[in-house]
Amino acid sequence: MLVSALNGLGPSLSFRQTRHPALDGARGLAVVAMVMGHTLDALLAPALRDHPWVQRYWELRGITAPLFLLVSGWAVVMALGTRPGAAKDSFGRRFRRALLLLFLGYLLHWPGWGAVRDLGYSDAMLAKVFQFDALQCIGASLLLGAFVLVLTPNLGARALALGGLAVGIPLASAVLWNAGAHLPVPVQQFIGNGEGSRFPFFPWAGFFFAGAFAAHALHLLKPGWPQGLALLALGGGLLALTRWMPVEWTPTSPTMVMFRVAQGLLVLGGVNLLPQRLSGLLAPLGRLSLWLYVLHLPMVYGWADIAGLSQRIGPRLGIAAALGVSVALLVGCYLIARLGRWMREQARPWRAGSTTLGARVGTARLGQ
């Protein structure tokens, strides 16, 4: 009774927050592929990298980062629901989230004060400090996306804006890379023509806005079979286009983005069709995907002057040993992330976290 009354007071006191059933499952699948891929890349002996199964895994692993970006864009739009003014009301939260992602992204690539002193104020030092990676790309995309959603309350205008960014960013990438040769190093890292920029805004933000556009286009369909079949049809249609439109595997190729978007939509559609019990097995990993990323990356590759597994024991392990380390690393990071979330919930019990798969937030504490 009390909960029902509070639910009617507005979004700030809602205790029935839900998440899209397939989002956490898709994120969880990407997390498993990411941790295993990074660990194998760091620890696997060079002689085993040419094994046919390993080569096939490298090919499949290429969908991990696009899937993360695609699902991130999808989640931003799906969380708005159909309530008018939702984009404006949630802008502050999205803005803070984007800044957190940018901060964590640059923190993970901090080379250490020793390296900064040795390099001095040079382009090489700036390239290391401002190296643009996946978290920065998601953060910058979320920042731009939050402004776009606020500025386009009309659904038609929003569709044009999101679709234009999804197509325009990959198409503009080659031109901007060529035009940015003499720009400051941090800007080059952002654009992508800077040395060491791993997931530059151009063209990688195209995946984020492709997910946002797909979510906007399919928001009237219910999660599960309706959205799953629509996503499979959309992904299959894009994949069919690549049959007669040759895919160029260059850093600025729009067809590469289209191919990976098609694969990501197929994965998201497939997870939509899974029974919730199966997607629920991956959902806990998906809900902690950010912190699993932040925790495992320095453990594998090191941070600042602290050596990681790649420097301490790699690359010389066999396939079984490297897989064992990856599983242990995934479980360990998950337990640490769960512990951190539990401690945060105990410190801030009034902030109920969102749930997934249609589950409700417990109200026992509210009753007490």
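**Notebook: helix packing and cores**

H4 and H12 come out oblique to each other, going by the angle between their axes (roughly parallel is under 35 degrees, roughly antiparallel over 145, roughly perpendicular 65 to 115, oblique the rest). This is a predicted model, where local features need pLDDT of at least 70 and side-chain atom pairs pLDDT 80 or more, while totals for chains, interfaces and linings use all residues. Residues are numbered from 1 along each chain, and side-chain values use heavy atoms, without hydrogens or water.

I looked up the numbers for H4 (residues 64–78) and H12: the axes come within 7 Å and cross at roughly 40° (lines fitted to C-alpha atoms over the stretch in contact, angles from 0 to 180 degrees between N-to-C directions). Helices here are DSSP runs of H or I, at least four residues. Among the contact residues I noted Trp-74 of H4 and Phe-208 of H12, with contact meaning heavy atoms within 4.5 Å. The tally is 15 nonpolar, 4 polar and no charged.

Next I checked H9 (residues 134–151) against H10 (residues 155–179): about 155°, axes 9 Å apart. That pair is therefore roughly antiparallel. Leu-144, Val-148 and Leu-149 of H9 meet Arg-158, Ala-161, Leu-162 and Leu-165 of H10.

Then the cores (buried nonpolar residues joined through side-chain atoms within 4.5 Å; buried is under 20% relative accessible area with a 1.4 Å probe). I found 81 residues in the largest, with Trp-74, Leu-135, Phe-201 and Phe-209 having the most contacts inside it. H12 (residues 201–217) gives the most to this core, 11 residues. A second, separate core has 6 residues, including Val-116 and Met-125.

Note on methods. Helices (H or I, at least four residues) and strands (E, at least two) are DSSP runs, numbered from the N terminus. Buried means under 20% relative accessible area, exposed over 50%, partly exposed in between (1.4 Å probe, protein chains only). Ala, Val, Leu, Ile, Met, Phe, Trp, Tyr, Cys and Pro count as nonpolar, Asp, Glu, Lys and Arg as charged, and the others, Gly among them, as polar.
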